[in-house]
Amino acid sequence: MTASISVSMRSDGFTRHARSPEARLLSRLARNLPALLGAMVVLAVVIVAIFAPVIARYPYDQTNLDAIEQAPSAAHWFGTDALGRDMFSRIVWGARSAVFVIVMVTLLGLALGVPLGAAAGYFGGWVDTLVMRVADILFAFPGLLFVFFIAATIKPGIVAWARSIGLTDLARSGYLDYAVVIFALGVVGWAGLARLVRGQVLAVREREFVLSAQAIGVPTWKVIARHILPNALAPVIVSISMGMGDIALSEGYLSFLGIGLQPPTPSWGNILADNAGRYWRTFPQMIWLVLIPGVVLAAVVFAFNFLGDGLNEALNPEISP
Amino acid sequence: MGAFVIRRLLWLPVLLFFVSLITFALGLYGPGDPVQVMLGMHATPATIERLRHTYGFDQPFYVQYLNYVGNALHGDFGYSLVKYRDQPVGKLIAESLPVTVQLNIVSILLGVVLGVPLGLVAALKRDTWIDLLVRGIVIAGISFPIIFLNPVLTFIFSRRHDIIIAAAHISFSLGPFLPMTGGQWDGIFSTKVILPAFIEATGVIAVLTRQMRAGMLEELGKDYVRTARAKGLRERLVVVRHAMRNALIPIATILGLMLGSLVAGDFLVEPWFGVPGVGALAFDALFSRDYYVIMALTLLIAITYVLANLLVDVMYGLLDPRIRQA
C-alpha cells in the first residue's frame, strides 16, 4: 500500500494542475459525503470543547437530588443522572476532556514518532536499528492492556511525586489523571507513527530531488524537513486522523474502567460507567443514560474514521478513484 | 533466508529480556509497595517488614528480577496477592487460558466467515450502494465502543427484554449470562458464546473486510488480470482463480498475526459476559492491583505475540521468495 502511495505522489510532480494540491484535496474531500460528515462532526466537537463553559447550561458537577434520573426534557436536554447532574452539561464538558486528550496524545506521538522515524529512515545504520528495536519492544506488548497497565501502575507514583513536591491540591484535583492518560497513550502510540514515517522516508530518500538538494550542500536537517517529510506526509495524515478516533476510544475505555479520568471530571467513558449500573437495573426505562454517552463517543470515533477514509482516498486517487 | 531467520532468532532473547524487564519494573515500582496493597492501610510496620522479607521485596531490584525470571522459566509466576489470595498465578492462568483461546477462535472464525465475503463483494460491486453499505459496516465495526455494545446488545438479546423479541415473534434469548444476574458460563458450545464472540469479532470483521476490498481492487487493476480477461477467460474464473488468490495472501498474514492474540482475552467483553477467561482475570487483577497476575498475563501475551510474529515472518519467507531478501 505504501508503495502505491509514493507512486501517486510521484505522478503529481509531472502534471501541471491549475489549482494548488491543497485545493484539489479539499474539493475531492468535499465530494466524499461520509468524509464531509466526519469533518463536520469533528469541527462541531472541537467547537463544543472550546466553548464548553458557554454551551453547558449547568456546572458539570452540580448535583440536584430533587431531580435525579429525569428523562430528557426542556430543562435537561439529555436528562439527569443518579446524582441529578445535568447530562447535557456533562457531555459538553466531556467533549473538552476528549479533545484535550486527543490533541495532546497526537502531539506527543508526532513529537516522538516523526523525528525518530525520519532519522531512522534517513540515516539508517545504528540509528535505524535502535529506533526500530525500541518500536519492536513496544509492539510486543498487548495493545490496550499495556496502556492500562501503564496507566494503573504509574498513577500512584505520579500522585506521590506531586504530593512530595508540595502540589497537594494538584494531586487532589483531576488534572493529574489527564497526565496519566496522555502519557500512557502517547508512550505506546508513537511507535506506529515512527514505523510509518520511516517507511515513507525510505521510499523518498533515494529520489533525484533529494540527491540534488544534498549535492548543492543543503544541511541535512533541512533536506529532511523541507524535501523529504512533505513528500512522506500523506499516509501520516491519514494515520493520524484514524488514530484520533482510537485515542478517543481508548480514553473512553480507560475512564470507563476507572483508570483514566475520574469523576467528577467528566469523560464520556466515566459517564457511561456511572450510568451503566443504573441502566442495568431499570432497563429499558432509562435507556438514555447509556445511549447518549455511548452514541456521542461512537459518533466521534465514526467521524474520525470517515475523515481518515476520505483523506486516504483523496490523497491516493489511484488506489480508489 | 537462513541469515534472516538467524537474525530474528538472535533478536528474540533480547526482545524477551526487555519485555520482561519493563513488565517487572512497572509491576514492582509503579504501584508502590505490593505488601502495602496486600495488607491495606492499617498494617503494623512489623507485619509489613515480615511480609516484605517473606516475599523477598527487601532484596535489590536485580535479585528480585532474576528470581522472578528464574521462577517464571520454571513455570512459577508467583502467587495472587489479592483476589485469589495465595493461589499460584500459573494455575489461575492455566484454568482461564483454554476458555479465552476457544472464545477467540470462535470470534476469529466468525470474522473470517463474515469479513472476507463482505470485502470481496464490496470490491466487485465497487461504488454501488453495496460497496457503500459494506464500508459503512467496516467503519461501524471499528467505531462502536465495546463499552457501549455490551449493555445495548445484551439487553436487546436478553430474557429481560422479551418485549422487542416478542414483537418480532421470535422467541429466543441469549441470556441471562451476566455474573450480576447469577449467569454461569456453560462452555464454548452454549448459546452464551454468541454475543461475546460477535462483539469480539466486530474488529476482526472490519480489518478483514477492509483488507479484502483493498486487496481485490489492487489485484483487479493489475496486468495479469487484464491478460486473463483479454484471452477471454470467464469473469468468474478471473476473480476466483486469479485475483482472489493473490488478495488472500495478506489475509493469511493478518490471520497469522492474530494467532498471537489468541491468548489475549478481551478484558472489556469477557468480564461483562461472565466468561471466565484471561480477559476477566486481567480485569479483576487490574482492579484489585494484583500485580503478579497482570505481570504474568502481560508477559504471556507479549511472548506469544512475538513468537507468532516470528512464525509468520519465517513462513512468509518460505512461501513468498520475494520477501527473503528484505
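Reply: The model is a predicted one. Begin with α12(A) and α14(A), whose axes lie 8 Å apart and pack at an angle of about 170 degrees. An angle over 145 degrees counts as roughly antiparallel, so α12(A) and α14(A) are roughly antiparallel to each other. On the α12(A) side the contact includes A:A234, A:I237, A:V238, A:S241 and A:G252. Among the residues they meet in α14(A) are A:L297, A:V300, A:F304, A:N305 and A:L315. Sorted by class, the residues of this contact of α12(A) with α14(A) are 14 nonpolar and six polar, with no charged ones.

The second pair is α10 (residues 208-215) and α11 (residues 220-228), both of chain A, with axes 10 Å apart and an angle of about 145 degrees. The crossing of α10(A) past α11(A) is right-handed. Here A:F209, A:V210, A:A213 and A:Q214 of α10(A) meet A:V223, A:H227 and A:I228 of α11(A). Five of the residues in this contact between α10(A) and α11(A) are nonpolar and two are polar, and none is charged.

Now for the contact between the chains. Chain A contributes 37 residues to it and chain B contributes 33 residues. Both α12 (233-256) and α14 (288-315) of chain A are among the elements that give two or more residues to the side of chain A touching chain B, as are α6 (125-140), α7 (143-164) and α13 (268-282). The most comes from α7(A), with ten residues. This side of chain A holds 27 nonpolar, eight polar and two charged residues.

Note on methods: Residues are numbered from 1 along each chain as its sequence is written. Chains are lettered from A and ligands numbered from 1 in the order in which they are written. This is a predicted model: local features need pLDDT of at least 70, side-chain atom pairs count only at pLDDT 80 or more; totals for chains, interfaces and linings use all residues. Axes are lines fitted to C-alpha atoms, for helices over the stretch in contact, and angles run from 0 to 180 degrees between N-to-C directions. Helices (H or I, at least four residues) and strands (E, at least two) are DSSP runs, numbered from the N terminus. A crossing is left-handed if the near helix is turned anticlockwise from the far one by less than a right angle, and right-handed if clockwise. Two residues are in contact if their C-beta atoms, placed from the backbone, lie within 7 Å. Ala, Val, Leu, Ile, Met, Phe, Trp, Tyr, Cys and Pro count as nonpolar, Asp, Glu, Lys and Arg as charged, and the others, Gly among them, as polar. Angles under 35 degrees count as roughly parallel, over 145 as roughly antiparallel, 65 to 115 as roughly perpendicular and the rest as oblique.
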